Amino acid sequence: MEKALDRDVLWSMVVPALVVFALAFALVVVAYGFDDAFHDFRHMIGMPCH
Amino acid sequence: MPNNFGKAIASGALAGVLWGWVALLVGSLSGIFMLEASFAQSIAVFAMGGAIFGVVATGFIVAGLQLRLFKRVVAGSIVVSFCLWLVLRVGGAALSTMDADRYHVVTYETAQGFVLALCLGVILGLLLRHRENNAAPA
């Protein structure tokens, strides 16, 4: 029972939190183009780009 | 707000994909920036970029709801989306002062980005509220 609860917490809270944390870094990379792939996207959402 | 954080994140990703395509459509219609990649490639890129933006915004929205920083999902989503965009934009301005050649600012694009950030908030808020209403017992 306790193990099932732990697994539930893991999948409903911990994993999504880690996903958000990882994608926050990805968002910074995408927004500033920290090395072409997201060049047009950056322009469209108003981020400085050349 | 969805009780399950994971389901909220999935909603955020879906809202982000929709927003990415809205951004592509708005950008194509406004003509403020002409696409350099093909439209087919842009559909995939904007979906991916939008999903990343949507998931991160959802993380902050869920945190804001848990901390009771706001009560209304749609209003909170708009505020969070705008603040997230603003933080990135301010960071971009800082980068622009350091390397103006690589990061130069275009005012019209910034204005479009501001409007799109508000759009993301609306799409996210409506989707999260829809999830909440469906999850609630009748």
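Modeller: A residue is buried when its relative accessible area is under 20%, exposed when it is over 50%, and partly exposed in between (1.4 Å probe, protein chains only). This is a predicted model, in which local features need pLDDT of at least 70 and side-chain atom pairs count only at pLDDT 80 or more, while totals for chains, interfaces and linings use all residues. Residues are numbered from 1 along each chain as its sequence is written, chains are lettered from A and ligands numbered from 1 in the order in which they are written, and side-chain values use heavy atoms, with hydrogens and water left out.

Colleague: Is B:Ala51 buried or exposed?

Modeller: B:Ala51 belongs to helix H2 of chain B, a helix being a DSSP run (H or I) of at least four residues, numbered from the N terminus. Away from its sequence neighbours up to four places off, B:Ala51 touches B:Ala13, B:Gly16 and B:Val17, where contact means heavy atoms within 4.5 Å. Because the relative accessible area of B:Ala51 is 16%, this residue counts as buried.

Colleague: Which backbone oxygen does the side chain of B:Thr58 reach?

Modeller: B:Thr58 is also in helix H2 of chain B, and its relative accessible area is 0%, so it is buried. Beyond four places in sequence, B:Thr58 touches B:Ala8, B:Ile9, B:Gly12, B:Leu124 and B:Leu128. A polar contact is a pair of N or O atoms within 3.5 Å; within protein, one must be able to donate a hydrogen and the other to accept it, and residues adjacent in sequence count only if both atoms are side-chain atoms. At 2.7 Å, the side chain of B:Thr58 reaches the backbone oxygen of B:Gly54.

Colleague: Is B:Leu25 buried or exposed?

Modeller: B:Leu25 lies in helix H1 of chain B. The C-alpha atoms of B:Leu25 and B:Ile43 are 9.7 Å apart, although 18 residues separate the two in sequence. With a relative accessible area of 53%, B:Leu25 is therefore exposed.

Colleague: How far apart are the end C-alpha atoms of H2(B)?

Modeller: The expected span of a helix is 1.5 Å times one less than its number of residues. The 28 residues of H2(B) should therefore span 40 Å, and this agrees with the distance between its end C-alpha atoms, 39 Å.

Colleague: How many salt bridges are there between chain B and chain A?

Modeller: The two chains do meet, for 42 residues of chain B are in contact with 30 residues of chain A. The rule finds 10 residue pairs in polar contact across this interface (both at pLDDT 80 or more). A salt bridge needs a side-chain nitrogen of Lys or Arg within 4 Å of a carboxyl oxygen of Asp or Glu. Between chain B and chain A, the number of salt bridges is 0.

Colleague: Which residues of chain B lose the most area to chain A?

Modeller: Buried area is the accessible area (1.4 Å probe) that two parts lose on being put together, summed over both. For chain B and chain A it is about 3000 Å², and carbon and sulfur atoms give 74% of this. Together accounting for 20% of what the side of chain B buries, the residues that lose the most are B:Ile52, B:Leu88 and B:Arg102.

Colleague: Which element gives the largest share of the side of chain B that touches chain A?

Modeller: The elements that give two or more residues to this side are helices H1 (5-30), H2 (39-66), H3 (73-98) and H4 (107-135) of chain B. The largest share is 11 residues, and it comes from H2(B).
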